[in-house]
Amino acid sequence: MVKTKELSKDTRNKIVALHQAGKTESTIANQLGVKKSKVEAIIRKWKTYKTTDNLPRSGAPHKIPPRGVRMITRTHLTMENRKARVLSWKPEPTPEKLETSYFHQLLNKRMVLNARDDLKSLLHRLIFVSKISPNLADKRDLGEYWEQRFQRYHQGENVTGLLLLYPAYTVHCLESSGDVLYCVIRDLQQMKKQGDRALVLDPKIVVMSHNIPSRLFSQWSYKVLNVPGQYLGEKFSEEATEGIISECLTKMLKIGKHLTKYPKGSKNIPDSVFEKVLELIIPQASILHLLQCKNLLTPKQFLKMYDTPLYIMQDSGKSPNL
């Protein structure tokens, strides 16, 4: 593929200046002698990031911070200890207390079931909902944002799933390793600190499915839904939450199955793909209820539970010493 010449900073600034002066994208392209698609991309970047400078791209892996090194070391030692205990297990006459986080409990459980499993084979599925920032001019920018983030998380880690973009809400389903999904949730938590600059607001974790047998989606993609924005005054009882979650999960999984009929292509799904399955579009009223549901965890609450140590006593009725 022939790489196109990059526009100079002066030209990019002229494009923004002409846009602010009220010129159309076609007029700007003709006046400066550049492609209209490049003009659109520069204006979209300026609206989203308030800059025309080139943003950092994925390249060499980032240096792992000290906390990440400690976590990797702790996970490796846990794996080795588990393997040794499985291979040389003997009944213990006295109870044993294990102290570890929820994340490591899941890894340990998998290692007990099959001591030869590789951690990279663990596959998880995350589904969360959120509001879209009213300051987001083009919803496609949110899709491009997540695609760039996936490339920066972990080299070689494949991410599949689907992002549905409503007029005011999102439903996002992701399939990947625990490390990648953990980074996604941390990003959601960090967005809260950005205030008005955040792309999504008030996210809620609908479900985190661990150790799923296979991927449902062949690639990660997004779809801007052409559904009318509306005032959602309908109220649901807390008792209805379980049924709404079940309905949303069912529809999302059916959409994934429907997408398997189409070959891999653009990250932005064309309208024709959804025209035959409009009944699978999750109602906006259901999304609003999930966002208001107090039983669903925020990213902050999820991470607190994820990182909090669990105290387990085996073969003993005594309470652990906290």
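Start by selecting serine 221, which sits in strand E6 (residues 220-224); strands (E, at least two residues) and helices (H or I, at least four) are DSSP runs, numbered from the N terminus. This is a predicted model, where local features need pLDDT of at least 70 and side-chain atom pairs count only at pLDDT 80 or more, while totals for chains, interfaces and linings use all residues. Residues are numbered from 1 along each chain as its sequence is written, and side-chain values use heavy atoms, leaving out hydrogens and water.

Is serine 221 buried or exposed? Its relative accessibility is 4%, so serine 221 counts as buried (under 20% relative accessible area; exposed is over 50%, partly exposed in between, with a 1.4 Å probe and protein chains only). Leaving aside residues up to four places away in sequence, serine 221 touches Gly161, Leu162, Leu163, Ser266, Lys267 and Ile269, with contact meaning heavy atoms within 4.5 Å.

Now hop to glutamate 144: its C-alpha atom is 9.9 Å from that of serine 221, though they are 77 residues apart along the chain. Glu144 belongs to H6, where Glu144, Arg140, Asp141 and Tyr145 meet Arg44, Thr48 and Tyr49 of H3. By class, that contact has two nonpolar, one polar and four charged residues (Ala, Val, Leu, Ile, Met, Phe, Trp, Tyr, Cys and Pro are nonpolar, Asp, Glu, Lys and Arg charged, the others, Gly among them, polar).

Color H6 by burial next: its buried residues are Asp141, Leu142, Gly143, Tyr145, Trp146, Phe150 and Tyr153.

Last stop, the cysteines: cysteine 173 is buried at 0% relative accessibility, whereas cysteine 183 is partly exposed at 23%.
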